Amino acid sequence: MNAALKFLPHEHLKAWLEELAGTMRVLAPQKEGAAVVYRAFDPSREPELIRKPTESAKHILFPRSEALFAFHKKKAPFAPDSLNPDGSQAEKEEPATPAMELTPPEQPGPTVVFGMTGCDAGGVTTFDPVYGGRYQDPYYLQRREATVLIARACNEALSTCFCTWVGGDPANRRDADILATRLENGWLLEPLTERAERVLGSTLLGDAGEAEAREAEALHAKARAAIGEAPDLTGIEDALPALFDDKDFWWSESAACLACGACTYLCPTCHCFTITDEKAGLSGVRLRAWDTCMAALYTLEASGHNPRGQKAARLRNRVGHKFAYFLKNHQGRISCCGCGRCIKSCPSSVDIRRIVLNALKRAKGKEAANG
Amino acid sequence: MADDIHGALREAIRTILPDVECVLGWGSGPDPLRSAPLFMKSPEDVERFRAGELAVNNLAVFLPEYAGRKVGIVVKGCDSRSVVQLISETLVKREEVVIIGYPCRGVVDVAKIAAAIGLGNEDLEAGLVERAEVNGDTVSVTVRGETKTFPFKDVMAAKCSICRYPNAVLHDVFIGEKAEAREDSYADLEKYEAMSLEERFRFWEKEMERCIRCYACRNACPLCVCRDHCVASSREPHWLSQADSTRDKLFFQLIHATHLAGRCTGCGECARACPVGIPVGLFKRFINRAAGQLFGFQGGLDPEAVSPLQRFLVDEPTIKEKEWK
């Protein structure tokens, strides 16, 4: 038994979050219209801890749009031509270089996210090697360090859930800072990293024992059973590149795609961005905003040529990056956490699971045909 | 939907298959409640075809992609109006599309069913539905082993209860008896018009706050025909900023709605496609009504017509400005 297990009675949940809100930014899923989105915890409302949030939690660490810095261009002082007292032309001063004043954005404050799903936490750890590996991204890393992620274990699976296909688990102990399981009388909180200590000191939390741990395990097992057996995706990182030029395959798989960005913007692992300077006069701000490989502009070259002019090529990139290229760059990690939002929220019901399985099958068939 | 209509539709699709590249229809989606576009090329594909109350997608959005190739399409009344509008704008050639119509009595709103299957305060999700069946005037769904039945009219999409054109307005083949048209008095807009301008602005600010700028609303719209050349993504000129601001998001919605004035056929796909449930269809409803009042025009009824804002007349027959005092 893990001695550090904590128990939070249901009736203390809001009091605990309110207590944390005294010193930290507390975010939790909240119903808004027909959607469930992350909002600052509001003690007058119940956080939504049953339905899966419509959006992933990635924007908390990687905002939809963030200022990298603000800039202000200071004009060089005007140097008029001047004459010497005798009327001859004075030696001209070199015009001063205009100065650029840069203002960094505010540092992120301590934050805690309560009630993200385990798959969302899996999304965060696919970001880590991208923004904290060979290239250290201070904006992401500062937020990552300042944020405690509390993932809740899932008690059931939606038709679109497939975390177990890609190395996830309904009770995700690999990626979050704390695993929270909703038991009959309260939440069982299991610390997984050192960051967990920042939020588990409250007197509202009691110690949990064997009985609670057993109750949680039974729920986890039930959720695993609900997702069902995961198919074997071995070889997918070779199957997709082998089909790169298979136009028929990608045309057929992308036929229903609308080439919007719902899949990539709801995806916990999609991490592409674009940079623009938004300026008015001499001042402005350099923004980094989400970008999507499903959009034409993503690969549009300055010449006007677009290597991915067709939606088939864009869909191929989305699937290829998640299930082939990322694996090769990051020690076999699949850049998909199986949350299923891209399927659930696709207006055309494009199903990435079907594409991946079809790709495996087709690549095997081709291999057999080629002997 | 009756089995005999399904059978006759499948037969009609099989009949045209040899003459077209594919036939656009509907098949099953990720769960029993949701359909997905189906691109039928072989008689085996036709076996997977299903129409009726769950066939929500407007497939007309795909037609311009097939320019130069002949395709078939199965349409509800609203879908057929999009096809007609696309033909009238020369984006689809009449001779390149074979239109199969059937009487539509409305489609379900999956979000309404999701809300209706909740237990007490608990909202559930369409993704938990294990079985779904439409029988006459009722919809039965099974969640967590328990079956619940609702009147169809309670879970029908809002656009269907005010549908004036439930039968294809243009078709080569029509299967079944024509369905009865309903009335649209734009009563749904009254609630918003009763708000002061400040209240309305606050309402939209709140709604647009959860917009993720995925542009599913734009791409699901069969008449948003700029596709890869949208103002929203143009860098030169830089019309919209990349800031995550409700101002920019709202700005895009207003551009979208005004570009659709007199062209929108009210298929509702923009709102259905929105992953976060923003009622973006309201903008188009408002503009549609205005286009109707000003020009006496509705898009998508006549393939020969030109929408009022796509032409110029010295004297608009419905606007008697010479009589203005």
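1. Domain spacing, chain A. The centres of domain 1 of chain A and domain 2 of chain A, taken over C-alpha atoms, are separated by 27 Å. Domain 1 of chain A covers 6-62 + 106-227, and domain 2 of chain A covers 236-369. Domain bounds come from an automatic or database domain assignment.

2. Basis. This is a predicted model: local features need pLDDT of at least 70, side-chain atom pairs count only at pLDDT 80 or more, and totals for chains, interfaces and linings use all residues. Residues are numbered from 1 along each chain as its sequence is written, while chains are lettered from A and ligands numbered from 1 in the order in which they are written.

3. Domain contact, chain A. Domain 1 of chain A gives 25 residues to the contact, and domain 2 of chain A gives 19 residues. Two residues are in contact if their C-beta atoms, placed from the backbone, lie within 7 Å. On the domain 1 side, helix H3 (residues 118-131) of chain A supplies the largest share, eight residues. Helices (H or I, at least four residues) and strands (E, at least two) are DSSP runs, numbered from the N terminus. By class, that side of domain 1 of chain A has 12 nonpolar, 10 polar and three charged residues. Here Ala, Val, Leu, Ile, Met, Phe, Trp, Tyr, Cys and Pro count as nonpolar, Asp, Glu, Lys and Arg as charged, and the others, Gly among them, as polar.

4. Domains, chain B. The assignment gives domain 1 (1-107 + 160-183), domain 2 (109-156) and domain 3 (185-325). C-alpha centres of domain 1 of chain B and domain 3 of chain B lie 25 Å apart. Contact involves 19 residues of domain 1 of chain B and 19 residues of domain 3 of chain B. The domain 1 side divides into 11 nonpolar, four polar and four charged residues.

5. Open sheet, chain B. Five strands form it in the order S2-S1-S3-S4-S8, with mixed pairing. Strand S2 (35-40) and strand S8 (173-174) of chain B stand at the edges with a single partner strand each, so one side of each has no neighbour in the sheet. Strand S1 (residues 23-28) and strand S3 (residues 71-75) of chain B pair in the parallel sense over two bridges. Two strands pair if DSSP finds at least two bridges between them. Val23(B) stands opposite Gly72(B) in S3(B).

6. Hairpins around S6(B). Strand S5 (residues 129-135) of chain B runs antiparallel to S6(B), joined by six bridges. Asn135(B) faces Thr138(B) in S6(B) as its opposite residue. The hairpin leaves two residues between S5(B) and S6(B), and Gly136(B) in the turn has a positive phi of about 60°. On to strand S7 (residues 146-151) of chain B: six bridges join this strand to S6(B), again antiparallel. Thr142(B) has Thr147(B) as its bridge partner. Two residues also lie between S6(B) and S7(B) in their hairpin, where Arg144(B) in the turn has a positive phi of about 50°.

7. Faces of S6(B). Side chains alternate along this strand (residues 138-143). Val139(B), Val141(B) and Val143(B) point to one face and are buried (20 or more other C-beta atoms within 10 Å of the residue's own, C-beta atoms being placed from the backbone).

8. Helix crossing, chain B. The axes of helix H8 (residues 197-208) and helix H10 (residues 246-259) of chain B come within 9 Å and cross at roughly 100°. That makes H8(B) roughly perpendicular to H10(B) (65 to 115 degrees). Axes are lines fitted to C-alpha atoms, for helices over the stretch in contact, and angles run from 0 to 180 degrees between N-to-C directions. Trp204(B), Glu205(B) and Met208(B) in H8(B) meet Thr246(B), Lys249(B) and Leu250(B) in H10(B).

How values were computed
A residue is buried if 20 or more other C-beta atoms lie within 10 Å of its own, exposed if 12 or fewer, and partly exposed in between; C-beta atoms are placed from the backbone. Angles under 35 degrees count as roughly parallel, over 145 as roughly antiparallel, 65 to 115 as roughly perpendicular and the rest as oblique.
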